[in-house]
Every structure is written in structure tokens, then in C-alpha cells.
There are 2 protein chains.
Amino acid sequence: LLPKSDSQRHVVAHTADDLLSQIRSGALAPGVRLPSVRQLARERKVSPFSAAEIYNALVAAGAVEAQAGLGYFVTRRRVTRLAEPRRQEFPTDSIWERRRETLGRPIKVDAGCGWLPADWLHGEAVRAALRTAARQPDLHMEGYGNPFGLPALRAHLSTLLEARSIAAREDQIVLTQGASQALDLVVRSCLRPGDVAVVENPGYPPLFEMLKDRGVQMLSIARNEAGPDVDALASLLKRRKVRCLFTNTTYHNPTGTTTILSVAHRLLELANRYDLTIVEDDIFADLAPSATTTLASLDELRRVVYISSFSKTISPALRAGFLAAPPALAARLARAKMTASLGSSQLLEQLTLHVLTQGHYRRHLKRLRERLAAAHMRVASEFEAQGVEIAFQPQAGLFLWAKLPSRQPVGKLWRMAAADGVLLAPGELFRPDGSAIDYWRLNVAQCGGPELLRFLRTLQQLFPG
Amino acid sequence: LLPKSDSQRHVVAHTADDLLSQIRSGALAPGVRLPSVRQLARERKVSPFSAAEIYNALVAAGAVEAQAGLGYFVTRRRVTRLAEPRRQEFPTDSIWERRRETLGRPIKVDAGCGWLPADWLHGEAVRAALRTAARQPDLHMEGYGNPFGLPALRAHLSTLLEARSIAAREDQIVLTQGASQALDLVVRSCLRPGDVAVVENPGYPPLFEMLKDRGVQMLSIARNEAGPDVDALASLLKRRKVRCLFTNTTYHNPTGTTTILSVAHRLLELANRYDLTIVEDDIFADLAPSATTTLASLDELRRVVYISSFSKTISPALRAGFLAAPPALAARLARAKMTASLGSSQLLEQLTLHVLTQGHYRRHLKRLRERLAAAHMRVASEFEAQGVEIAFQPQAGLFLWAKLPSRQPVGKLWRMAAADGVLLAPGELFRPDGSAIDYWRLNVAQCGGPELLRFLRTLQQLFPG
């Protein structure tokens, strides 16, 4: 390409834009034949080379078609479509892959999923909140809001946290898009590529993804009935410089276990001795019949970042997560949030506040806990009668960690269940290294219906002993 | 510490939990004196050493207080509070710092901000959508939804994009928490630490933060009236392996300029030659009186990731951003979204769909464009009369890039304006290297009211010539 002066460039650009807008406005109709390159060059007082360049740009824009030997025409169709969708709609090699495989088949029992059925959630309160918001004089429609999130909701959360014995001022609380965004903000603000973080095994798969994505070295310690394996952590800390430990305190995902006080105490001792930040993901806290021990309450938010949400009690659709942290770290995390998403939704935050203040939230929680307790009792007795081995007996929360009554390969069992419309979550999904294990995560609230029991009976018939 | 058997550990843990639950339930009231270490050891059949360990854990939990010489007591206060908030509520060294400095002073004119005033937005339609949603039989409260986002909204966006001459199937569209999350997902999915990305100078500050945070090498090219400086890009690509270019097409932030067709064409030629992904942030597209040229329409979403949102036309509170990308990349970005935030809010997506389908969106856009055009005319004539030099005359969109009628230092001018309740956005905020420049970003929709004109007049009086 020959170098061009600025004024030549300007004429070329102007002519191309002019023709394009005539085509877009319909002044040059689809199918109309355009002047030849030479004609255009004469009309617009540009070189033939520039005229050809103008047409090339219009052809590239899809506005003009070149027909060999005939010249240039205004394109008949406005847009072209790619070929039909490929079969793969979901990303591969993750928990979503497991769901994708069942696409096209009805899921009758979503026995391994991580959420509550719609009618266990607080839907009527969300509806009422929508009506209240619609009548509200100021909807806070403007701007991106306070980086920490809606102040009135943070004030309310400060009070709720006090009931969990956690003293967090409003400027220590950051509202997030679910607990997941809170974890993600901690990963990007507290960990650099090459840093070491410790997770629980089994643990939370999206956290493993976040850490890998960040280039963090992920080590794991076993999750036991009493909490994370503190002895393993202690010996690990002697050998490696670890920056963060991620742990579930109450009704751990996927095992259903709860960290006991003495383990919590030892974790914090280790954190102090080895200068470790503990990220306490406590999203199931409100499902506990009475206030549970939290690392954050022991530590008074000095070394602990406390994370929770209302996805398990109101609805995941509110994306109402939050974190509480030491003030300086909270400010850094709020800034990371602005970078990642320019703030949370003030509208959702108002809806959440309406639900919490006017929606009989405590009464709803009481009922939800009763339903979960009943489901735990029923599932434990029915499933153990079918030879299922339940590792722990949490009696509350969402999950059971269990062995099926068959030692057939995991993939085979999973496909058998899926063929019956039962979607199971194999334990390997929850292992940092993805290695096989013969435990499965079961969600007691999703294990109603006859399909899962029927599948368990079939297993016993097909593979007795 | 002496090694302990598992059964000893169990008794210690059990006793500590038992005492804690008695304290929490009130069975052991605040202020009550507890048994001595020796008594506890006898009662619970543990060693005195274990009994001391139990009390240490309860003290660490804040449930028990040790009083020297007197023994152990149930703590009187449930939670302790940290000292009062520090003055600094907002993160430092960013655009938020600029806002923070004005905290406590009323902002009368938010002349540099990036959003529209509440009454320019589509508030009534959002209210109507809230009412519609409240009556909807199925609110989609359950689960985390489709990783790509609500299918019905993606179908609608596919049609809207067709009007921008962009052919994007539903499986090429990913709904995001504002355009910001879309940018962030691209940064984390397409760039590794050490990769090189090119941004516009001036450009979008949160993007600079995302790239720094990711450890990406950020190079910049000038933003001119016709778009990014393609000659600078061409010479840069000869020297360096660049993976991504980030650019605004329509009404660029902060200059207000729009990329012309021939520049778009050359950008895509370079992208093809040097195997470059172009990330086209086109959030102001709906503010254009007629369909504008987009890189995505020229390229048919082969090398281009197209990003847009409804934050500038409906409300930022809906966080309704989206991206369109080649199918395989869209699937990767959807997966990155699940990792970062377990999906977007199905509730907000339903509200957005209601606004787009029932909210007279086109009529609203027409009115909004007319108001913006009128504001551009008024602000240009009033401000030029006060000696403001406007770099370009976009006549549409939100922004003007302008010099104030004074060569005083930027910080001094900014503080003078802030003292009058006028919040200005200095050009240096929009420079990748943060270096000083005597341009400012002005938002024409926020420049009504007498305060800004009064400030400009004061400037001319104080620093004539």
C-alpha cells in the first residue's frame, strides 16, 4: 500500500461512510448496482486505487457485494448467519459438562445439585419485595452506587452478623454477586501468581478454578468430621509458605460436616503463628438451628475474611452475597469489585433488604430448617435401607456425603442414573486433583420422588453383595 | 504440646462445644463464674491440661473471660466492636479516590461522571417490569441458571444485534454483570500474565486496572477523531507480539469520537495479519441516531468480541451487560463467568427482558437521543463562550473532551471546582500511565445547572488570558 496523505485518507473515509449511510438508510436500495471503480474515482475526485479501497471496505462491511465481471451491488441481505449451533452448548471438563450430558433428557431428580428447590425458597417474599420496589419513590436507578454496596443493606447485615457473634462495621462489609464473587475478589486481591493457597479435600470446585486461573499453587488438606485436618495443616505450614486457607465452617460442601470449636481455635493459632489469612465461606450459616461457631467471631475479623450469602435461604437469583473483612482489606476488596464489575446491583440490594426487613425472614428460616431436618431423617433411613453408606450425619444443611450400594465404576453408575432422569454429583468433582473416589454428594432437599430410590433398588438387584 | 489420642481430642472438643452451647443458649448466663480448671478436669474426666485448653478455646471464642486470680466467667458482652471508622472509606489512587475527596460535601454537579441522571433513564419501564415480574407465575428463583444467561433475553439480543448488522446466535451471546464483567471475563480468559494487550490513550480506567491485576503488559496507542491510531498500531505490531486490542467504537469514552469505517477496516486487516483479538466495547451504540459501523459486523464475530450493555439507556442498576463472540470463545467466557460469580441474576435478566419487550424501549431511545443532542448543542455553545476548547464535536453520546479556560495545574482546578460542588474528571484518570494532561472529560447530560458555568466564569476572571 502506498503511503497516503491525511487529506486523501479523509476523502476515502468520508466517501465510504457516506455510501454506507446511504445504504443503511435505504437511499441506495438492496440489489442496486453501484458506479464502477473508475466512475466512483471520477465522481469523488479520488484515485482509482482509493476508489477500490472504498469498495473493499464496503464489501468487508457486508454492505456491498462484488460480482465478478459485473461490478459492485448493494448487498441484498443485511446480515449473514453462521451455521447451525454445534451440539456443545456448555463448557467442557467441569461440573457443567456433567449437566450438559443430560441436555435433551428431562432431569427428574437433580440429586447432586447445590441449591434448594424453588418451593423451599422465599419466593413470596421476593414477589412482595418486587411490589414494594415498584412503589418506592427513589429506585436508585442512577450510577454505580457505593463501591461497598447499598449502605442500608450493609447496616442490616452488620446487625445480622452480630447475631453470629461477629462484630463487623458497615465499612468492613462488601456486598458481592453471590458468595462466588466474594471468593473471586479475595483470590485476585490477596494472591499473586505463584503464591500457595490451601483448600479442603473434598471442597468447592469453582474455588479450584479461580485459584488455577490466578496461577496460584493449590495444596489441599483433608476435610474430616470435625473440620479441616489441622495436623496436616500444621505439618504443611512447617514446610511451605502458605498465604491463604479456604474453608467452609458450617455444613461443609460437599460433606455436610461442621468445624468444631477446638479445631477452629487451632486453625486460628496456626494462622497467627504462620501469618495466614483464613477465608471462611459460611454460606450455610442461616440453616443452623442455633448460632454456630465461626472463625470470624473467634478472631474478630483480624485474620479472617468471612463470606456468606442468601442464595441458600432466599434465592440464588438475588445474587446476594457479602463478605466481612478487616477494614483496610475490605477497602481493597471493594476496589477490586469496582474493577471487576463496576459495583453490584443496587436494585437487587434493595430487594434483598425488603425481604430481610419485611419478609418474615426468621419465620421462613425456621420452617426451612424444619424441612431440612425432616428431609435428613427421611433420606438417611430410606437410603441406608438401600445399602447407601452415609459418611457423616449432619442432620441439617443441604448435603450428605455417601457411598452408593455398588462398587461399579463411577462413570457407569452416573450414566445409569442419568438414563433414569437422576442427576448425580460424583465425589471426584469436589477433589482438587479430580481423582476418582467412591463418594457422592447428595442434596437431601432434592432427593424426594421415587426415581432415586428406584435407581438404588435397581443397583442392589443388578450388583448384589 | 503433648501428643493426644483421638479419644482425648474428642472429649476436649465435645466439652468445649457443650459449654459454648450452654453459654449461647443462656443456660450459663453472662457473668456466671465457671468451675476452676481442676474442678472442670474432675467433672469431665479430662486432664487439667485439657481442661485449660478448653477454657483457652472458649476465651478465644469470646464466650469466656479469664480474670486473673479469680477464675473463668461467662463473658458479659456478646461482641466487641473495633475502633471508629478511619477517615478513608474509599480505595485510594483511583477514580474513587477523586470521589472520596468530596465526601461530606454535597456534589451539585457531577460533571465528569460516566452515567446519566436518574430522570434521563428508563425508570418507569423498570417499575412496570418490577410489577410484571411480581405477577409472573414462574420467577426462576431456583438454581444458578444457564451459564450463558436467560435464553429468552439472549434470543431478544440476537435480534437487537441484527439491527446493528451483527449476526450472533444465542450460543454466541453471554449475559454479564454490566459491560465491565464482560471485559473482565475476556481479560481472564484470553490473556495470561506477561501477554501484551493494547489499549487506547485516553481510555477506560477500570480496563487498565484489570490488565494490571492480571499481570498483562499494557501498551497504548493514541485515540484520534477517526478512531484508534492504526498507523501506530501497525508499527507496534511489527515489533511486538500483541494478543488483544481493546477499543470503543461509538462515542468513545472519554473523547466522544466514533471510529470511521476505513479505520475499522484497517484494524481488522491488522488483526488478521497479526492474529489479534479485538475487544470492541460498544456500550454507547444505542445512543447513535442510526446504526453505526461496528468491527463485529465487518468481521462477523471471527476475531472480534463485541461488548455492550443497557447501563447507559435503561439503568446501571440492572447490571445488564452482554458480549457476543465466536461460539467456542463464548463457551469459554461463559465458563469463566460461572467460575467468577456462578452466573448472572436471572431476576435482573427477566426485568431487562420486560423493559425491552414491553417498555417502549425504542421510543425511550429516540427521546434520550434528542435530549443528548440538545445538551451537546447547548453545552458546546455555552462552554465555548466561556473559553472552553472542545477537542471534537460528537453531537451525540455522553462525553466531551475539553480544555478548561485556564492553564493552572489540574489538581488546583479540580479542588476549586470541588469547593463549588462541581465534580470534574481530569484527563489523567483516563491515561494508561496516569500522566498529566490538560483535557477533562465532561458528561453533557450532567452539565446543566448554573454551578459549572459560574465556575468557568470565575476561572476566566481569576486567570484571564
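Is Glu370(A) buried, exposed or partly exposed? I looked up the value and found 46% relative accessibility, so Glu370(A) counts as partly exposed. I note at the outset that the model is a predicted one.

**Entry 1: a salt bridge within one helix**

I continued with the partner of Glu370(A). Lys366(A) forms a salt bridge with Glu370(A), and the closest N and O atoms are 3.1 Å apart. Both residues belong to helix H14 (residues 361–385) of chain A, where a spacing of 4 residues separates them by about one helical turn. Lys366(A) has a relative accessible area of 51%; since exposed means over 50%, I recorded Lys366(A) as exposed.

**Entry 2: a salt bridge between two helices**

I then turned to chain B. Asp231(B) forms a salt bridge with Arg266(B), with 3.1 Å between the closest N and O atoms. This pair links distant parts of the chain, as Asp231(B) lies in helix H9 (residues 230–239) and Arg266(B) in helix H10 (residues 261–274), 35 residues apart. Asp231(B) is partly exposed at 44% relative accessibility, whereas Arg266(B), with a relative accessible area of 16%, is buried.

I looked next at Glu200(A), which forms a salt bridge with Arg223(A), the closest N and O atoms being 2.6 Å apart. Glu200(A) lies in strand S4 (residues 196–201) of chain A and Arg223(A) in strand S5 (residues 217–224), so the pair ties together parts that are 23 residues apart in sequence. I found both Glu200(A) and Arg223(A) to be buried. Over all chains, I noted a count of 36 salt bridges.

**Entry 3: the two copies and their contact**

I superposed chain A on chain B: a rotation of 180° with 0.0 Å of shift along its axis does this, with an RMSD of 0.1 Å. The two copies are thus related as by a two-fold rotation axis. I also checked which surface each copy uses. Of the interface residues of chain A, 98% are also interface residues in chain B, so the copies meet through the same surface.

For the extent of the contact, I recorded 113 residues from chain A and 111 residues from chain B. The area buried between the chains is about 9,600 Å², and carbon and sulfur atoms give 55% of that area. Met141(A), Tyr144(A) and Arg335(A) supply 8% of the area that chain A buries against chain B, more than any other three residues. I also noted 32 residue pairs in polar contact between chain A and chain B, and 8 salt bridges between these chains.

Asp184(A) lies in helix H7 (residues 178–190) of chain A and counts as buried, at 5% relative accessibility. Arg188(B) forms a salt bridge with Asp184(A), and the closest N and O atoms are 2.7 Å apart.

**Entry 4: strand S12 of chain B**

I examined strand S12 (residues 399–403) of chain B and found 5 of its 5 residues buried, so S12(B) is largely enclosed by the rest of the structure. Phe399(B), Trp401(B) and Lys403(B) point one way from S12(B), while Leu400(B) and Ala402(B) point the other way.

I then listed the pairing of S12(B). Strand S11 (residues 389–390) of chain B is joined to S12(B) by 2 bridges, and the two run antiparallel. Here Glu389(B) stands opposite Lys403(B). Strand S14 (residues 439–443) of chain B is joined to S12(B) by 5 bridges, also antiparallel. Arg441(B) in S14(B) is the bridge partner of Trp401(B).

**Entry 5: Val444(A)**

At 1% relative accessibility, Val444(A) counts as buried. Leaving aside residues up to four places away in sequence, I listed its contacts, among them Leu372(A), His376(A), Val379(A), Leu398(A) and Leu400(A). I also looked up the separation of Val444(A) from Ala167(A): 277 residues in sequence and 33 Å in space, C-alpha to C-alpha.

Definitions and conventions: Residues numbered from 1 in each chain as written. Chains lettered and ligands numbered in written order. Predicted model: local features only at pLDDT ≥ 70, side-chain atom pairs only at ≥ 80, totals over all residues. Heavy atoms only, no water. Buried < 20%, exposed > 50% of the residue type's maximum accessible area, 1.4 Å probe, protein only. Least-squares fit on C-alpha atoms with pLDDT ≥ 70 in both. Contact = heavy atoms within 4.5 Å. Pairing = 2+ DSSP bridges. Buried area = accessible area lost by both parts, 1.4 Å probe. Salt bridge = Lys/Arg side-chain N within 4 Å of Asp/Glu carboxyl O. Polar contact = N/O pair within 3.5 Å; in protein donor to acceptor, adjacent residues only side chain to side chain.
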